[in-house]
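Let us walk through this structure step by step.

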Amino acid sequence: VQLQACGGGLAQAGGSLRLSCAASVSGGTFSRYGLGWFRQVLGKERECVAATSRSGGSLYYSDSVKNRFTISRDNAKKTVYLQMNSLKPEDTAVYYCTAKDQILSSGVLTQATEYASWGQGTLVTVSS
């Protein structure tokens with residue numbers, strides 16, 4: 001699957017941004033995919049900030065974004081979103097969307113090595 005992320009940009013601390021990631025998959029298979037948002041700062045490992053199982057029934061948020069970020073999916077539009085509120089300067093990073101076909105599994109995936117497809121990354125900069 002190919003992923004195209006957008007929505008990054010510059011925001012002030014306390015502000016909001018919404019990232020979108022559209023997937024190019026055939027038919028109704030998007031609903032089989034576990035989805036995630038990772039972020040990476042130069043010199044650091046990529047970290048999972050939010051993830052959803054294929055059903056959307058299981059969600060994961062890192063402690064650093066819990067209660068501020070919300071991941072959601074629209075299977076009809078084949079798109080996953082990351083709503084980011086109350087942004088902080090430490091949220092500044094390149095954000096990547098990712099997907100894994102979970103035809104044989106379920107649950108929420110939080111490790112980068114568990115995912116097979118990655119978007120190109122979108123830069124989020126939060127000024128103080």
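The accessible surface of the protein chain comes to about 6400 Å², and carbon and sulfur atoms hold 48% of it. Such areas come from the Shrake-Rupley method with a 1.4 Å probe, and for residues only the protein chains shown count as cover. The model is predicted: local features need pLDDT of at least 70, side-chain atom pairs count only at pLDDT 80 or more, and totals for chains, interfaces and linings use all residues. Residues are numbered from 1 along each chain as its sequence is written, and side-chain values use heavy atoms, with hydrogens and water left out.

What is the chain built from? It has zero helices and 11 strands. Helices (H or I, at least four residues) and strands (E, at least two) are DSSP runs, numbered from the N terminus. The radius of gyration of the protein chain is 14 Å, close to the 14 Å that the globule rule gives for 128 residues, so the chain is as compact as a globular protein of that length. The radius is taken over C-alpha atoms, and the rule is 2.2 Å times the number of residues to the power 0.38. Along the principal axes, the C-alpha atoms fill a box of roughly 45 × 25 × 25 Å.

Of the 128 residues, 41% count as buried. Buried means under 20% relative accessible area, exposed over 50%, and partly exposed in between (1.4 Å probe, protein chains only). Contact means heavy atoms within 4.5 Å. Among contacts between residues at least 6 apart in sequence, 60% join residues at least 24 apart.

Now look at strand β4, residues 33-40. Seven of its eight residues are buried. Which strands pair with β4? Two strands pair if DSSP finds at least two bridges between them. Strand β9 (residues 93-101) pairs with β4 in the antiparallel sense over eight bridges. There, Gly-34 stands opposite Lys-100. Strand β5 (residues 47-52) also pairs with β4 in the antiparallel sense, over five bridges. Here Trp-37 has Ala-50 as its bridge partner. The hairpin of β4 and β5 has six residues between the strands. In this hairpin, Gly-43 takes a positive phi near 90°.

Finally, turn to Ser-20, in strand β3 (residues 17-24). Is Ser-20 buried or exposed? Ser-20 is buried, with a relative accessible area of 16%. Not counting residues up to four places away in sequence, Ser-20 touches Gln-4, Ala-5, Cys-6, Trp-37, Thr-79, Val-80 and Tyr-81.
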